[in-house]
Amino acid sequence: EKVTISVIKADTGSLVGNHIVPPIFEETAEDILEDSVDEIILDYHVTHVGDDMSLILLHNKGEDNPEVHGLAWKIFQKTTKIAKDMGLYGAGEDLLSEDFKGNIKNMGPGVAEMTINVRQTEPIFVFAADKTEAGAFNYPLFQMFANPFNTPGLIIDPAMHMGFKFEIWDLDNHKKIYLSAPEDLYDILSLIGSIKYVIKRIYPRQGHKIPENEPVAVTSTERLNAEAGKYVGKDDPVMIVRSQKGLPAAGEVLEAFSFPYMVDGWMRGFHWGPLMPVSVKDAKATRFDGPARVISLGFQVKNGKLYGPEDMFDDPAFDLTRNKAMEITDYIRRHGPFEPHRVSSELAQYTTLPKILEKLKDRFQDI
Ligand code: F6R
Ligand code: MG
């Protein structure tokens, strides 16, 4: 059984500022997707985190498929129309163009897709984060697939002891590099410790039961602001991770989020803050338009079905992480507009700050 899992997300408007995707969007998406089952897709699930709606689609049409992308595009157009009629905040924010030519990539929405040969048991996790950007999954992916302190399976499971191959993208220069753990560990970290480099995919290595060309993790890497050339909202990323039987166990995948590490993209895209793992029920933006949140939905894939979802962070086991995230929130907020709460000048070029600096230009004198 060969299937493609596509997670396509967009912010096409939200209710009360950028708080949450209105339920009518999800109902609209579900109606359209239900009509497409058997014709275009096999199964689907619709979810959200904050102002971003994610369409989780199971199908057998492969990646970059015009029908599948077209279906997502149709949904986002429809929810944009609803958002405009209702005067919702940020209506159509992520749709940079009206002109769909068969592929939704580079048009604003975020896309993570993988084609896999379904194993006897195939647990997968879909992650979606709000108020952050591509690169926000570098840290947990490294933890899951390269750090034995997070994933003891790397040490003791012969089925994964050979490690994994990382496909890392330099988004500014449109280049990619393949590096393998454990031997390239330091090189991997020299890149992905900066969000300038983004882990796009992870592959098994020779000797693994899964073929070397079949991804075991994939992230969305769209950079909306860079694409639009100005601040138009956030590139809140999504990710798909396969698990178990020679891959990180479910608990090793989730453990990577037990530490509320810092991500950029909070409030006006101008701040760093902790990433808080939450249940879908708590996946909204409130304090200081955040803090940045991530949800995780677990599914078992079999016979063209997505069995689930299980709301993985809907669990007191993550309460301490969430409390820690709020403690960090309090601490970092006290910095106000000072670095490192505020992003570096390099990142700030995609916020509205350049407009302010432009105004001050003529008032600078020689020293
Ligand atoms: C949106 C976001 C928010 C907005 C902020 C100001 O994704 O992160 O923090 O940037 O609410 O929005 P405007 O300028 O539209 O009032
Ligand atoms: Mg968002």
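Asp 235 lies in the loop that links helix H6 (224-228) to strand S10 (238-242); helices (H or I, at least four residues) and strands (E, at least two) are DSSP runs numbered from the N terminus. The model is predicted, with local features requiring pLDDT of at least 70 and side-chain atom pairs pLDDT 80 or more, while totals for chains, interfaces and linings use all residues. Residues are numbered from 1 along each chain as its sequence is written, and chains are lettered from A and ligands numbered from 1 in the order of writing.

The unreviewed UniProt entry annotates Asp 235 as "binding site"; such annotations may be inferred rather than shown by experiment. Asp 235 counts as buried because it has 28 C-beta neighbours inside 10 Å (buried: 20 or more other C-beta atoms within 10 Å; exposed: 12 or fewer; partly exposed: in between; C-beta atoms placed from the backbone). Of the 367 residues in the protein chain, 47% are buried.

The protein chain contains 11 helices and 15 strands. Its C-alpha atoms fill a box of roughly 65 × 50 × 40 Å along the principal axes.

Two packed helices are described by the angle and the distance between their axes. The axes of H1 (residues 23-36) and H2 (residues 66-86) come within 10 Å and cross at roughly 150° (axes are lines fitted to C-alpha atoms over the stretch in contact, with angles from 0 to 180 degrees between N-to-C directions).
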